[in-house]
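Colleague: Before I use this model, I would like to hear the grounds for the terms attached to it. Please take me through them one at a time.

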Amino acid sequence: MSKMTNIAKLSLNSKTITDEVNGIAETLETQTDAIKQINNGVELNIIIDGHNQQ
């Protein structure tokens, strides 16, 4: 196998890994946003419950 073929395969593998990592990062960003929304909802419920108990 020539060096060029090996370099081309390495480049393709590197791009594949980069694409996968970017996909994971996007998923984590989406999950982070969802968790923040859940936390905001929980905090709002705590405030409402505290207000209702007064």
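What follows is a short exchange about the terms used for this predicted model.

Colleague: How many helices and strands are there in the protein?

Modeller: The protein has one helix and zero strands. Helix H1 covers residues 3-53.

Colleague: What makes the protein more spread out than a compact globule?

Modeller: The globule rule gives 10 Å for 54 residues, and the radius of gyration of the protein is 23 Å, well over that value, so the protein is more spread out than a compact globule. The spans of the C-alpha trace along its principal axes are about 80 × 5 × 5 Å.

Colleague: Why is Ala-8 called partly exposed?

Modeller: Buried means under 20% relative accessible area and exposed means over 50%, with partly exposed in between. Ala-8 has 48%, so Ala-8 is partly exposed. Ala-34, which also lies in helix H1, has 35% and therefore counts as partly exposed.

Colleague: And why does Ile-47 count as exposed?

Modeller: The relative accessibility of Ile-47 is 57%, and the cut-off for exposed is over 50%, so Ile-47 counts as exposed. Ile-47 lies in helix H1.

Colleague: What share of the residues of the protein counts as buried?

Modeller: Of the 54 residues, 0% count as buried. The protein exposes about 5,100 Å², and 60% of that area is supplied by carbon and sulfur atoms.

Colleague: How do you know that Lys-15 and Asp-19 meet in a salt bridge?

Modeller: The rule asks for a side-chain nitrogen of Lys or Arg within 4 Å of a carboxyl oxygen of Asp or Glu. For Lys-15 and Asp-19 the N to O distance is 2.8 Å, so the pair meets the rule. By this rule the count comes to one salt bridge. Side chains of opposite charge can pair when their charged atoms come close.

Colleague: What separates Lys-15 and Asp-19 along helix H1?

Modeller: Lys-15 and Asp-19 are four residues apart in helix H1, so about one helical turn separates them. Lys-15 is partly exposed at 48% relative accessible area, and Asp-19 counts as partly exposed at 41%.

Colleague: How many charged side chains are there, and how far apart do the centres of the two sets lie?

Modeller: There are 4 positive and 7 negative side chains, and the centres of the two sets lie 24 Å apart.

Terms used. Residues are numbered from 1 along each chain as its sequence is written. This is a predicted model: local features need pLDDT of at least 70, side-chain atom pairs count only at pLDDT 80 or more; totals for chains, interfaces and linings use all residues. Side-chain values use heavy atoms; hydrogens and water are left out. Helices (H or I, at least four residues) and strands (E, at least two) are DSSP runs, numbered from the N terminus. Buried means under 20% relative accessible area, exposed over 50%, partly exposed in between (1.4 Å probe, protein chains only). The radius of gyration is taken over C-alpha atoms; the globule rule is 2.2 Å times the number of residues to the power 0.38. Accessible areas come from the Shrake-Rupley method with a 1.4 Å probe; for residues, only the protein chains shown count as cover. Lys and Arg count as positive and Asp and Glu as negative; His and the chain ends are not counted. The place of a charge is taken as NZ of Lys, CZ of Arg, CG of Asp or CD of Glu.
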